Amino acid sequence: MLSFEDARNLVLAHTPTLGTERIALFDAGGRVLAEDIHALWDLPPWDNSAMDGYAVRAVDCAPGRALPVSAYLPAGATPGATLAPGAAIKIMTGAPLPAGADTIVPFEELREGENEIWLRSAPKPGAHVRCRGEDLARGALAIAAGTLLRPAEIGLLATFGKVLIPVFRRARVAILATGDELVEPGEPLAHGRIINSNAAALAAALREIGAEPLLLGIARDNEESHRRLITEGLRADALITSAGISTGDRDLVRETLLELGATEIFWKIDIKPGRPTAFFRAGATPVFCLPGNPVATLITFEELAKPALLKMMGLHRVIAPFIKGTLLEEVRKKPGRGQFLRVALEIRAGRILVRTSGDQNTGILRTLVGASGLVYLPADAAHLPVGSEVDVHVLGQLRESPPEAP
Ligand SMILES: Nc1nc2c(c(=O)[nH]1)N[C@H]1C(S)=C(S)[C@@H](COP(=O)(O)OP(=O)(O)OC[C@H]3O[C@@H](n4cnc5c(N)ncnc54)[C@H](O)[C@@H]3O)O[C@H]1N2
Ligand code: MOO
């Protein structure tokens with residue numbers, strides 16, 4: 001059977017990248033840059049002071065020697081001032097270095113008189129000068145296409161006065177729950193019915209990565225309902241279905257997709273949870289058929305659909321790397337099938353310590369709710385004693401509680 005890695009690589013290989021659009025700088029945080037951005041000018045644009053103090057020539061400086069002050073340059077002063085030999089110009093952080101000056105002496109290293117200064121020591125030539133272009137030279141690559149725009153990247157775009165930013169489109173992803181047993185949240189629950197929680201969970205997972213969920217509702221266990229809603233779902237950039245893909249006689253999702261002309265790339269992965277997962281392509285549209293057990297739905301979304309949807313939205317780095325953690329409790333599993341364990345992570349002295357978040361049965365959702373990570377156990381793993389190193393995917397961000405108030 002297909003390994004988890006092979007399945008993920010197939011999904012990525014069959015997922016296209018979406019088109020692009022231009023949006024306002026202030027809306028671009030969290031989006032993915034669609035074109036390389038080059039420095040429009042040298043950054044900084046001119047030599048300038050890194051400190052509040054005095055601009056001098058290093059050769060004029062000796063401890064105890066008085067230098068007359070000839071001018072004052074606040075931040076925002078226009079470039080063009082000149083420093084005469086033997087003099088000093090008062091200068092603020094960021095102000096352009098006057099011609100002739102090569103060194104800045106901060107206030108802390110001098111004594112100020114009425115119209116002159118005395119240096120406590122000879123400065124190092126070039127000290128505290130930020131040179132033109134030292135950050136980025138004009139024309140240099142500033143941010144590569146495919147980069148996630150975080151606050152630092154937004155700041156750099158703003159530095160070059162960019163107000164319309166080329167980004168990849170957000171993926172519009174249709175979500176289709178399937179099953180006669182389902183009712184929507186808020187609807188009355190009859191005996192034998194359960195609430196469609198997967199659609200809400202998937203919508204939240206999509207929002208978290210900046211995709212736009214489109215809720216198609218529930219396909220009932222008949223061909224007409226499946227055909228109608230899957231056809232609608234295939235108009236989106238991607239379709240995610242939940243349930244109806246194992247071997248039950250009312251599992252109609254695969255059958256309907258095949259009938260609609262979609263190509264099955266794979267069905268079934270050697271992984272627990274998530275074994276019945278299928279992946280199709282309908283034209284350019286990827287279709288993720290995730291198992292119905294809520295834990296399996298979210299873990300297969302996290303591990304298979306998410307990297308593909310990030311690729312779709314233009315991101316270059318889409319695979320979350322595993323980091324090493326140390327088991328605080330022993331783990332046993334049957335060899336022969338890969339497994340994702342739901343785990344609670346703890347950071348102690350900078351190390352990641354791992355214990356399971358409880359019952360690993362696929363039907364148990366509370367242990368995914370309590371999980372801060374997933375541990376991947378490869379197919380051949382069997383007994384892992386306390387202290388074993390394991391591969392961890394962090395879910396979301398790890399943060400700690402603040403210390404108790406005194
Ligand atoms: N004979 C076999 N039976 C099963 C196999 C198998 O290989 N052979 N695989 C098992 C595994 S593993 C899984 S996972 C499930 C997956 O089955 P389906 O994806 O076809 O899903 P369903 O059977 O329709 O439902 C499974 C479970 O999930 C609940 N569910 C379904 N949809 C939702 C929803 N939208 N929100 C919340 N919960 C949902 C459903 O009520 C079932 O309890 O198959 C095993 N069986
Ligand atoms: O693999 Mo199923 O996806 O365990 O619950």
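Good morning. Please keep in mind throughout that this is a predicted model.

I begin with the overall architecture. The protein chain contains seven helices and 28 strands. Its radius of gyration is 30 Å, well over the 22 Å that the globule rule gives for 406 residues, so the chain is more spread out than a compact globule. Taken along the principal axes, the C-alpha atoms fill a box of roughly 95 × 50 × 40 Å. Of the 406 residues, 36% are buried. If we consider contacts between residues at least 6 apart in sequence, 71% of them join residues at least 24 apart.

The domain assignment gives four entries. Domain 1 is made up of 4-16 and 170-312, and domain 2 of 20-43 and 134-168. Domain 3 covers 48-130, and domain 4 covers 323-394. Between the C-alpha centres of domain 1 and domain 3 the separation is 66 Å.

I turn next to strand pairing. Strand 28, residues 389-394, runs antiparallel to strand 22, residues 323-327, and four bridges join the two. Within this pairing, G325 has V390 of strand 28 as its bridge partner. Strand 28 also pairs with strand 26, residues 373-377, again in the antiparallel sense and over four bridges. Here Y376 is bridged to D391 of strand 28.

Now to the ligands. Which residues come nearest to ligand 1? There are 26 residues around this ligand, and the nearest are N198, A243, S246, P291 and G292. Two elements give two or more residues to this shell, namely helix 3 (197-208) and helix 6 (294-312). Helix 3 gives the most, with three residues. By class, the shell around ligand 1 has eleven nonpolar, twelve polar and three charged residues.

Ligand 2 is surrounded by K272, P273, G274, R275, P291, N293, A296 and T362. The class counts for this shell are three nonpolar, three polar and two charged residues.

Finally, I come to the backbone. In general, most residues other than glycine have a negative phi, and most peptide bonds are trans. Where are the cis bonds that I wish to show? One joins L43 and P44, with omega about -5 degrees; P44 is found in the loop between strand 2 (37-38) and strand 3 (48-49). Another joins K272 and P273, with omega about -10 degrees.

For A243, phi is near 75 degrees. This residue sits in the loop between strand 17 (238-242) and helix 5 (253-259). For K268, phi is near 85 degrees. K268 is placed in the loop between strand 18 (263-267) and strand 19. With 16 other C-beta atoms within 10 Å, K268 is partly exposed.

That concludes the presentation. Thank you.

Technical notes
Residues numbered from 1 in each chain as written. Chains lettered and ligands numbered in written order. Predicted model: local features only at pLDDT ≥ 70, side-chain atom pairs only at ≥ 80, totals over all residues. Near = placed C-beta within 6 Å. Nonpolar A, V, L, I, M, F, W, Y, C, P; charged D, E, K, R; others polar. Rg over C-alpha atoms; globule rule 2.2 N^0.38 Å. Buried ≥ 20, exposed ≤ 12 C-beta atoms within 10 Å, placed from the backbone. Contact = placed C-beta atoms within 7 Å. Pairing = 2+ DSSP bridges. Domains from an automatic or database assignment.
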